[in-house]
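Dear colleague,

I am passing on the structure below, and my notes on it follow. Please read them with the coordinates open beside you.

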Amino acid sequence: MTSEKTRSLLIVEDDLALQKQIKWSLDRFDSVTAHDRESALLQLRKSTPAVVTMDLGLPPDADSVSEGFRLLEQIMAFDPDIKVIVLTGQNDQANALRAVAMGAYDFFAKPFEPELLNLTVERAFRLFELQRENRRLQAMHQPDALAGLMTRDPEMLRVCRTIEKVASSNATVMLLGESGTGKEVLARGLHQSSPRRAEKFVAINCAAIPENLLESELFGYEKGAFTGAAKMTLGKIEMANGGTLMLDEIGDLPFPLQAKLLRFLQERTIERVGGRQEIPVDVRIVCATHQDLNALSKEGRFREDLYYRLAEIVVKIPPLRARVGDAALLAHAFVRRFAQEQNRSAMTLSEDAVRAVESHPWPGNIRELENCIKRATIMADGSQISSEDVGLKSTALDEVDHSLDLRVIRDNAEKRAIIAALGRVNGNMVKAAELLGVSRPTLYDLMHRLGLK
C-alpha cells in the first residue's frame with residue numbers, strides 16, 4: 001500500500017468539534033487542519049497535501065457555498081492533481097455535482113461513515129501517487145531516436161520531449177542554439193522519430209557553400225544551365241523528397257535565395273536552375289541557426305515572411321554551461337569512447353579534472369568538450385586524466401536562484417546537487433551518496449521524490 005505519510009491530508013472544516021472528529025476518524029493519515037479559506041491556503045502552500053477533505057460552507061458566511069467553491073477553485077489552480085473530497089449536507093447533491101465538475105475527486109453527505117471515508121481517502125492517495133509516478137516515468141522517457149543523446153538536465157529533457165511531440169507532424173521546426181549544442185543530432189532524432197524515418201535525411205550548411213553555388217545546391221540544375229552543367233543534377237531539396245531536409249545556419253542564407261525558399265515553402269514546388277518545369281516536392285523542413293532571426297528580420301537582413309514560415313515550431317537548445325551535470329556526464333562518456341578508440345583501457349577522469357570540466361563555461365559547447373577530452377586521452381601519460389591533461393583549471397561558479405519559495409528553492413537545490421554528484425562520479429550511486437553525505441536509501445528516496453531516474 002502507498003505510504004500515507006508521503007504527503008499530508010488537509011482537513012478544512014469550520015466546526016471545530018466536527019474537525020476534530022474527522023481528524024480522529026482519519027488518524028492513520030498525517031493530517032493538518034484549517035477552519036477557513038485563508039488558513040486552508042496557508043496549509044496548502046506549507047504542507048502541499050495530496051488529498052483534501054473540505055466543507056463547502058466556510059466563514060465568513062457558513063450558510064453560503066461561495067467561499068467553499070472559491071477555495072476549491074484556488075486548490076485546483078494550485079495543483080490540479082490534488083484529490084479534493086467535498087463534504088456536503090444531505091440534500092445538497094446539486095452543489096456536490098458542481099464541485100465534481102470543477103475538479104473535485106468525490107463527495108460525501110454528512111453524517112458520513114468513517115470506514116467509507118477512510119477507504120475513499122486511501123484510494124485518493126493511491127491515485128495521486130500513481131499519477132505522480134506516471135508523470136515521473138513520462139519525464140524520464142526519451143524517444144528511441146534520441147537514445148544516443150546523453151543528458152540529465154531537466155531543460156534538455158524537455159527539449160527531447162518537444163522533439164518527440166512534433167515529430168509526427170509536418171510542421172517546420174526551427175532549432176535555435178549556440179554552435180556545438182547538438183542541433184543536427186536533434187534534427188536527425190526528429191527525422192528518426194517521424195513517419196518519414198524510412199526516407200532520406202539530407203543536411204546542407206547554408207554558410208559553408210559560396211552564394212553563387214548555393215542555389216544550384218538547393219534546387220538542382222538542368223543540363224546546359226551554365227558552363228560545366230554537363231547533366232541534369234538534383235538539388236538537396238529534391239533529393240530529400242519524402243524525407244527531411246535540414247537547412248543548417250539558415251541565418252546565412254543569401255537574401256535573393258530567401259525569396260525562392262519562401263516560394264517553395266508556400267507552393268511546395270521547385271524549379272531547377274535553367275529549367276521551366278515546376279516539380280512538386282514533399283519534404284519536412286528543419287532549420288537551425290545560432291543567430292537571432294527575429295532581430296535580423298527587423299534589421300532587414302532576413303525576410304520577415306520567411307521567418308514566420310520557418311518558425312512554426314521553435315525549439316531553444318540550452319548551451320552546455322546551462323545544463324546541470326551534463327558536462328561531467330558527457331566527459332566520462334567521451335573518455336570511455338576515445339580510450340577504446342586509442343586502445344587505452346580503464347582511463348578515468350581525476351577529481352580535479354571533473355571539477356575543471358564542471359566549472360569551465362564551454363563556449364564551443366559539446367563540440368569543444370569532445371575535442372578537449374579526445375586530446376586528453378591521447379596526451380595523458382597514465383590511466384588517469386588530470387586537469388592539466390584537459391588543459392583546464394578548476395574554478396567555482398556562483399549560482400543564483402531568484403525564487404523565494406523555500407520549498408521550491410530546497411527541491412531545486414537538492415535536484416541540482418544530485419544531478420551534479422551523479423555526473424561527477426559517472427552515475428555510481430554509492431559514490432554519489434558519499435559525496436552528498438547521505439545514505440544510499442536516502443538518495444534513492446530523494447531521487448524518487450524529485451522525479452529523477
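**Notes on the predicted model**

Phe-29 and Phe-125 are both buried, in what is a predicted model. Their rings form an aromatic pair that is stacked, with 5.3 Å from centre to centre and 10 degrees between the planes; planes under 30 degrees apart count as stacked. Phe-29 lies in the loop between helix 1 (16–25) and strand 2 (31–34), whereas Phe-125 belongs to helix 5 (residues 114–140), so the pair ties together parts that are 96 residues apart in sequence. The count of aromatic pairs comes to four.

Turning to helix packing, the axes of helix 17 (residues 406–424) and helix 18 (residues 429–436) come within 9 Å and cross at roughly 130 degrees, and the two helices are therefore oblique to each other. The crossing in which helix 17 passes helix 18 is right-handed. Helix 17 contributes Ala-417, Ile-418, Ala-421, Leu-422 and Arg-424 to the contact, while helix 18 contributes Met-429, Ala-432, Leu-435 and Leu-436. By residue type, the contact of helix 17 with helix 18 divides into eight nonpolar residues, no polar ones and one charged.

A further residue to look at is Gln-291, which is placed in the loop between strand 11 (284–289) and helix 11 (293–298). Gln-291 has a relative accessible area of 18% and is buried, since buried means under 20%. Leaving aside residues up to four places away in sequence, Gln-291 touches Leu-176, Gly-251, Asp-252 and Leu-296.

Notes: Residues numbered from 1 in each chain as written. Predicted model: local features only at pLDDT ≥ 70, side-chain atom pairs only at ≥ 80, totals over all residues. Heavy atoms only, no water. Axes fitted to C-alpha atoms, helices over the stretch in contact; angles between N-to-C directions. Helix = DSSP H or I, 4+ residues; strand = E, 2+ residues; numbered from the N terminus. Parallel < 35°, antiparallel > 145°, perpendicular 65-115°, else oblique. Left-handed = near helix turned anticlockwise from the far one by under 90°. Contact = heavy atoms within 4.5 Å. Nonpolar A, V, L, I, M, F, W, Y, C, P; charged D, E, K, R; others polar. Buried < 20%, exposed > 50% of the residue type's maximum accessible area, 1.4 Å probe, protein only. Phe/Tyr/Trp six-rings, centres within 6.5 Å; stacked < 30°, edge-to-face > 60°.
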